[in-house]
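Please look through the sequence and the structure shown here before reading on.

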Amino acid sequence: KYTNATNEIAEDLITNNGDGTYTVSVPTVEGRKKLSIKAVDVAGNVYTGHSTSGWYNIDKTAAEVTVSYDPATDTNGIVTATLTANEKITIADTSWEKVSDTVYKKEYSDNATEEIVVTDRVGLETKVNVSVTNIDKVAPTVEFANTHGQKYYNKDYITVVVTENNLSKVYYAWGGSNKYTNATNEIAEDL
């Protein structure tokens with residue numbers, strides 16, 4: 001839609017080219033807009049018109065980009081980071097896969113932190129911090145009590161020390177004196 005040109009342009013935005021033409025710097029507003037112009041000469045003659053070749057797409061704001069991770073919880077596998085923008089973007093880093101004009105993704109097999117530069121369609125840049133910190137490929141370790149000498153115990157529980165930053169579950173099984181059995185009994189958390 002065209003609107004009547006009512007905003008007066010400041011004199012310092014109008015340059016007399018000396019050849020009967022003037023260069024006018026029209027202030028812009030964000031968005032997809034049509035431009036109407038009203039020009040008045042010193043005799044009072046008026047031109048009123050508008051751009052006829054289409055819209056002006058004014059973008060002075062860099063893209064807003066969010067990062068999501070799948071899975072977002074601890075894993076010993078792959079984590080997929082997804083960048084989602086509020087407008088069309090490009091990424092120069094070719095390790096990112098384009099899903100759509102506004103979505104890119106990348107798979108990580110190890111923890112990593114990096115800054116990604118995202119560019120919108122007019123060249124405005126957004127720096128995005130990607131931080132994958134939930135990949136854990138190190139198994140817990142267990143330290144058993146010393147059993148040398150076939151020591152006898154009169155206890156309800158035998159203590160072992162499990163080393164792990166984020167323990168999920170512990171299982172146990174008792175086998176014969178010369179045989180080990182797969183641990184299938186889960187230990188309650190309140191022990």
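## About the model

This is a predicted model, in which local features need pLDDT of at least 70 and side-chain atom pairs count only at pLDDT 80 or more, while totals for chains, interfaces and linings use all residues. Residues are numbered from 1 along each chain as its sequence is written, and side-chain values use heavy atoms, with hydrogens and water left out.

Strands are DSSP runs of E with at least two residues, numbered from the N terminus, and two of them pair if DSSP finds at least two bridges between them.

Strand 8 (residues 79-85) and strand 11 (residues 103-108) are joined in the antiparallel sense by six bridges, and T80 stands opposite E107 in strand 11.

## The second largest pocket

A pocket is an open set of points on a 1 Å grid over the protein atoms alone, where a 1.4 Å probe fits and protein lies on both sides within 12 Å along at least five of seven lines; its lining residues have an atom within 4 Å of a point. The second largest pocket holds about 1,200 Å³ of space, a volume being the space filled by probe spheres set on the points, which are joined across faces, edges and corners. Of its 28 lining residues, N7, I9, V26, S36 and I37 are the closest to the centre.

Strand 4 gives the largest share of this lining, five residues, and strand 2 (22-24), strand 4 (36-40) and strand 6 (56-58) each supply at least two.

## Salt bridges

The structure holds three salt bridges, each being a side-chain nitrogen of Lys or Arg within 4 Å of a carboxyl oxygen of Asp or Glu. In one of them, K98 and D101 have their closest N and O atoms 3.2 Å apart. K98 is partly exposed, with a relative accessible area of 47%, where partly exposed lies between buried (under 20%) and exposed (over 50%), found with a 1.4 Å probe on protein chains only.

K106 forms a salt bridge with E114, with 2.9 Å between the closest N and O atoms, and K106 counts as buried at 14% relative accessibility. D110 and K137 meet in a salt bridge at 3.8 Å, N to O, and this pair links distant parts of the chain, 27 residues apart.

Terms used: Helices (H or I, at least four residues) and strands (E, at least two) are DSSP runs, numbered from the N terminus.
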